[in-house]
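Please open the model in your viewer and keep the selection tool at hand. We will go from stop to stop, selecting one thing at a time.

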Amino acid sequence: MATAVRIEPDVTEVPSGGRSLEVATVALGGVPRGAVVLLSGAGGLRHVEVVDAMNELAEHGYESVAADLGPAEDDDAALEHLRTLLDRLAARGWDLDQIGVVGYGSGGRVALLAAAAMELGAAVSVRPVLPAGLDARPVDPVRTAWLGLFGALDERTPPGSLAAFGAALAASSPVFTQVVSYPGVTGEFVHDGLHPLTHAAAYDSWQRTVEWLNARVVPRPTPLARAWHERLAHRERLSA
Amino acid sequence: MSQYVDDDRTMPRFRVNRRAMTDPEVFEKEKELIFNRSWLYIGHETELKKPNDFRTRNVAGRPLIFARDAKGQIRVWINSCPHRGAMLCRQPSGNARFMTCFYHGWSFSTAGDMVSMPGDASYGPDFERPGLAGPAKVDSYRGFVFVSFDHDIVDLPTYLAGAKEYIDLVSDMSEVGMEVLEGTHEYSCRANWKLLVENSYDGYHAMSTHQRYFEMVVAARGSLDAGAVLADSRAIDLGNGHAVAAGSAGSGSIFGRALSPEAEAEREARFERLRAKHGNAWVDRLNGSRNMVIFPNLVIIDLVMGVVIRKIDPISPDYMEVTAWELAPPDEGEELKRQRLDNFLTFWGPGGLASPDDVEALETCQRAYASAGELEWSDISRGMHKPTVATSDEFQMRTFWRRWNQLITGEELPPEEHEPLPEFWRAPRLELATEESVAAG
Ligand code: FES
Ligand SMILES: [Fe+2]
């Protein structure tokens with residue numbers, strides 16, 4: 001996580017869902033590749049880790065907005081906060097398919113809800129806090145390609161129910177989904193650590209997160225790319 | 001007379017010159033005159049379940065990307081970056097809406113459009129951004145996807161000719177559509193690719209080469225009465241070099257370990273529903289075995305207990321690579337599926353009780369062709385003089401070789417005359433109104 005330049009995000013208080021939400025923003029110059037909403041919450045990243053992640057995303061060309069949703073609220077309230085963050089990105093010209101949502105802990109649960117509710121570029125949930133009785137209730141299909149990363153020793157998501165959840169989600173969803181379970185670690189792997197399995201899970205989960213975004217988030221076209229698309233469209237109109 | 005095929009109708013005798021299996025010049029001609037001018041199998045639609053699923057495949061030496069785009073359409077792309085050539089996609093399978101070349105970072109969608117190139121300001125404003133290249137043609141028949149590198153080739157249904165009916169028989173095994181199971185058998189064989197073509201519908205070798213397999217079946221079942229069903233079978237010319245060795249009703253039942261009564265009942269119930277849908281005679285045919293080669297290199301073997309799709313890739317005159325998939329009804333119960341998998345694996349594949357024996361046979365043929373100076377010809381005459389030809393005859397291979405000979409040498413040989421097929425092998429697929437469709441309609 002060594003970056004030559006460390007960007008400190010702008011932090012502002014934004015009204016959201018009847019309360020005030022602290023939103024961190026890393027805006028980039030030039031033509032950024034895409035945008036990411038980073039959600040943390042119970043069981044999620046610490047503040048410094050959120051800033052690290054925003055910096056890493058910037059290295060890959062992504063602007064980002066981040067919020068710690070705090071102790072889990074109900075689903076509707078959490079989605080309300082997500083919309084607040086998406087609005088911030090929309091104001092900077094980002095379309096939904098140019099945005100990835102990455103959530104940790106209870107924020108991971110919101111990323112999964114978002115994937116079911118809307119068509120985003122991509123969604124990733126890292127050790128998401130999922131409802132109890134995971135396999136007992138029908139799983140809502142997702143409309144955004146969703147990646148779930150779990151610690152195999154996480155008591156809230158035992159491997160058996162996790163596999164059933166992954167299979168049910170894949171069967172019901174019209175888009176690609178994937179569940180990865182890291183052996184020998186609890187959900188604490190999100191904080192990285194010295195234990196080889198913990199470090200391996202942390203390293204791999206970040207690698208997968210970035211690749212998941214790169215393979216799916218629609219890149220913002222450069223001015224030249226836009227001009228090229230207009231030329232193509234014009235040619236098509238002529239030939240039609 | 002062609003230097004490769006000696007088709008003597010008076011004796012009668014049919015021989016193939018072994019140089020066809022060893023000569024590098026023949027191999028080059030095959031690339032140009034056969035593989036560049038045929039419809040070639042790339043994969044099955046069910047291997048791409050979700051939008052942006054992809055698989056990488058080799059067809060006629062070309063590295064290809066077999067993908068479903070974001071809108072769900074099947075696409076095939078050359079797996080080479082239009083920039084300076086690097087392989088765009090370096091995984092056997094996966095899911096990605098955008099594929100980014102690792103060399104300089106150009107990025108493309110599964111629909112083949114260029115989506116970004118790093119530092120594009122270094123290209124002029126009129127620069128034409130290249131998309132991905134594809135084969136000349138892509139089309140599918142009942143989920144079987146084919147490509148052709150020939151812009152002038154006939155359309156796929158015309159090319160498939162009589163083989164369509166046998167793809168129908170295989171595909172009708174399930175009411176919801178057959179599905180390729182995850183996982184492949186990939187193996188190689190130090191022999192010319194045409195030897196595996198011959199072997200794939202060679203009924204003559206079954207009892208001798210596969211004694212080991214049939215001993216296992218007999219031991220598992222207590223007895224095996226194959227005589228009756230084997231007595232009645234046909235080798236059939238399907239046009240354009242395609243042919244099938246088709247068993248009679250019930251011939252499927254001589255392969256594999258016996259099903260459990262529950263699994264048997266489940267399968268019978270499905271066949272009953274199919275009878276209502278497509279007619280008794282069609283389902284009787286469906287219940288027979290069929291070994292088909294779609295010219296030049298696609299094999300579909302349906303022994304009812306299991307179906308294998310086999311793609312044969314010539315690598316050099318004396319070396320081929322083989323990829324095989326299992327096609328199965330997705331709606332089968334757990335027990336029937338388990339027995340189907342068991343029957344498939346005990347017969348086919350590198351660990352089966354049959355495929356390794358075939359590979360051994362073909363490899364010894366190829367090694368022995370070193371003596372082609374002393375022993376120039378192989379004989380493929382079996383059944384030539386008979387009014388009807390059975391699966392244990394060699395009519396199906398002669399059909400292949402006549403087409404091969406025509407494409408390589410230009411020599412046209414007249415088709416072999418045999419009695420017309422009996423009713424059983426001509427029964428059509430009916431579209432009957434079932435109770436459900438009547439209720440729905
Ligand atoms: S070869 Fe692919 S970007 Fe250069
Ligand atoms: Fe065999």
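Predicted model: local features only at pLDDT ≥ 70, side-chain atom pairs only at ≥ 80, totals over all residues.

Residues are numbered from 1 along each chain as its sequence is written, chains are lettered from A in the order in which they are written, and side-chain values use heavy atoms, without hydrogens and water.

Select A:Phe176 to begin, and you will be in the loop between helix 4 (159-172) and strand 8 (177-182) of chain A; helices (H or I, at least four residues) and strands (E, at least two) are DSSP runs, numbered from the N terminus. Setting aside neighbours within four places in sequence, the contacts of A:Phe176 include A:Trp146 and A:Trp212, and also B:Lys50 and B:Asn95, where contact means heavy atoms within 4.5 Å.

Next, select A:Trp228 together with B:Tyr123 and B:Phe127, which are among the residues that line the largest cavity. A cavity is a set of points on a 1 Å grid over the protein atoms alone where a 1.4 Å probe fits but cannot get out, and lining residues have an atom within 4 Å of a point.

Now select residues 40-147 of chain B, listed by UniProt in an unreviewed entry as "domain: Rieske", an annotation that may be inferred rather than shown by experiment. This stretch is 0% helix and 42% strand, and its end C-alpha atoms are 5 Å apart.

Notes
1 Å grid on protein atoms, 1.4 Å probe; cavity = no way out; pocket = protein on both sides within 12 Å on 5 of 7 lines; lining within 4 Å.
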